[in-house]
Amino acid sequence: MTSNDIQYFELQPSDFAEVIALGNKVHGDGYLTAELLGSYYQQGIYSGMNAGRIARCGNNLAGFRLAFAAGQWQPDQWCSPALWQLPPGEVAYFKCNTVAPQFQGQGIGGQLLLQSIKALKQQGARAGVAHLWQQSPGNAAVKYFRQHGGVLVKEHPDKWRQDSLNGYACVRCGFDCHCSAAEMILRF
């Protein structure tokens with residue numbers, strides 16, 4: 001397989017079952033549900049444009065990027081809008097970037113990010129915020145986001161703990177997650 005074998009598309013409801021299966025395989029059972037993904041999908045659409053993306057190699061789902069349009073999501077206790085140096089209404093949210101294990105290391109995650117950025121800019125966003133998993137092997141999530149221009153805003157210990165207590169099985173911690181998130185911003 002080469003990068004020429006990968007094709008990129010807007011996320012569609014017909015992709016949901018595969019996206020949920022891949023998300024739960026990579027991130028842990030309960031990470032995505034049909035209800036959550038339906039909501040995430042709607043949050044990515046603004047002005048008729050969809051910021052969610054998938055990558056396919058033939059009929060196989062190679063990866064996906066979930067992103068929320070600026071103004072289509074609400075910062076929560078894990079967000080630090082006072083440190084963003086932009087109005088929250090101009091900041092999109094990068095929810096998730098997932099690449100199937102057999103396709104990792106081939107630039108798919110970066111391409112998914114770039115395609116979402118293009119859509120988010122067209123929607124009017126000036127930046128995007130993400131919470132990157134600091135316990136990812138070799139801290140790869142933070143390194144990848146930094147390589148694309150992401151800047152650390154704040155670290156958040158136990159970011160996914162409540163989710164794990166509510167049924168999300170973290171691939172590292174199980175149902176008592178103590179992983180930390182790096183809140184990062186990427187300006188467009």
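Trainee: In this predicted model, does Tyr41 count as buried or exposed, given its relative accessibility?
Mentor: Buried is the word for a relative accessible area under 20%. Tyr41 has a relative accessibility of 11%, which is under that cut-off, so Tyr41 counts as buried.

Trainee: How many residues apart are Phe16 and Tyr41, and which helices hold them?
Mentor: Phe16 belongs to helix α1, whereas Tyr41 belongs to helix α2, which spans residues 34–43. Phe16 is itself buried, at 15% relative accessibility. The pair thus links distant parts of the chain, in α1 and α2, 25 residues apart.

Trainee: Which elements are tied together by the ring pair of Phe94 and Phe145?
Mentor: The two ring centres lie 5.8 Å apart with the planes at 70 degrees, so this pair is edge-to-face. Phe94 is buried at 1% relative accessibility, and Phe145 is buried with a relative accessible area of 1%. Because the two residues sit in separate elements, the pair ties together parts that are 51 residues apart in sequence, namely strand β6 (residues 91–99) and helix α4 (residues 140–147).

Trainee: On which side or sides of α4 do its buried residues lie?
Mentor: The buried residues of α4 are Ala141, Val142, Tyr144 and Phe145. Around the axis they cover an arc of only 165 degrees, so they lie on the same side of α4.

Trainee: Which strands are included in what covers the buried residues of α4?
Mentor: The cover includes one helix, α3 (108–123), together with several strands. The strands included are β5 (60–68), β6, β7 (127–133) and β9 (181–187).

Trainee: How many bridges join β7 to β9, and in what sense do these strands run?
Mentor: Strand β9 is mostly covered, with 6 of its 7 residues buried. One point of pairing is Ala127, whose bridge partner in β9 is Arg187. The two strands β7 and β9 run antiparallel and are joined by 7 bridges.

Trainee: Which residue in β9 stands opposite Leu152?
Mentor: Strand β8 (residues 151–156) pairs with β9 in the antiparallel sense, over 5 bridges. Opposite Leu152, the residue that stands in β9 is Met184.

Trainee: Which element gives the largest share of the lining of the largest pocket?
Mentor: The largest pocket holds about 870 Å³ of space, and of the 36 residues that line it, the closest to its centre are His27, Asn97, Trp133, Ser136 and Ala141. The elements that give two or more residues to this lining are α1, β6, α3, β7 and α4. The largest share, 7 residues, comes from β6.

Trainee: Which residues does His27 contact, leaving aside its neighbours within four places in sequence?
Mentor: His27 has its place in helix α1 (residues 16–27), and this residue is buried, with a relative accessible area of 16%. Leaving aside those sequence neighbours, the residues in contact with His27 are Cys96, Asn97, Thr98, Tyr168, Ala169, Cys170 and Val171.

Notes. Residues numbered from 1 in each chain as written. Predicted model: local features only at pLDDT ≥ 70, side-chain atom pairs only at ≥ 80, totals over all residues. Heavy atoms only, no water. Helix = DSSP H or I, 4+ residues; strand = E, 2+ residues; numbered from the N terminus. Buried < 20%, exposed > 50% of the residue type's maximum accessible area, 1.4 Å probe, protein only. Contact = heavy atoms within 4.5 Å. Phe/Tyr/Trp six-rings, centres within 6.5 Å; stacked < 30°, edge-to-face > 60°. Arc of directions from axis to C-beta. Pairing = 2+ DSSP bridges. 1 Å grid on protein atoms, 1.4 Å probe; cavity = no way out; pocket = protein on both sides within 12 Å on 5 of 7 lines; lining within 4 Å. Points joined across faces, edges and corners; volume = space filled by probe spheres on them.
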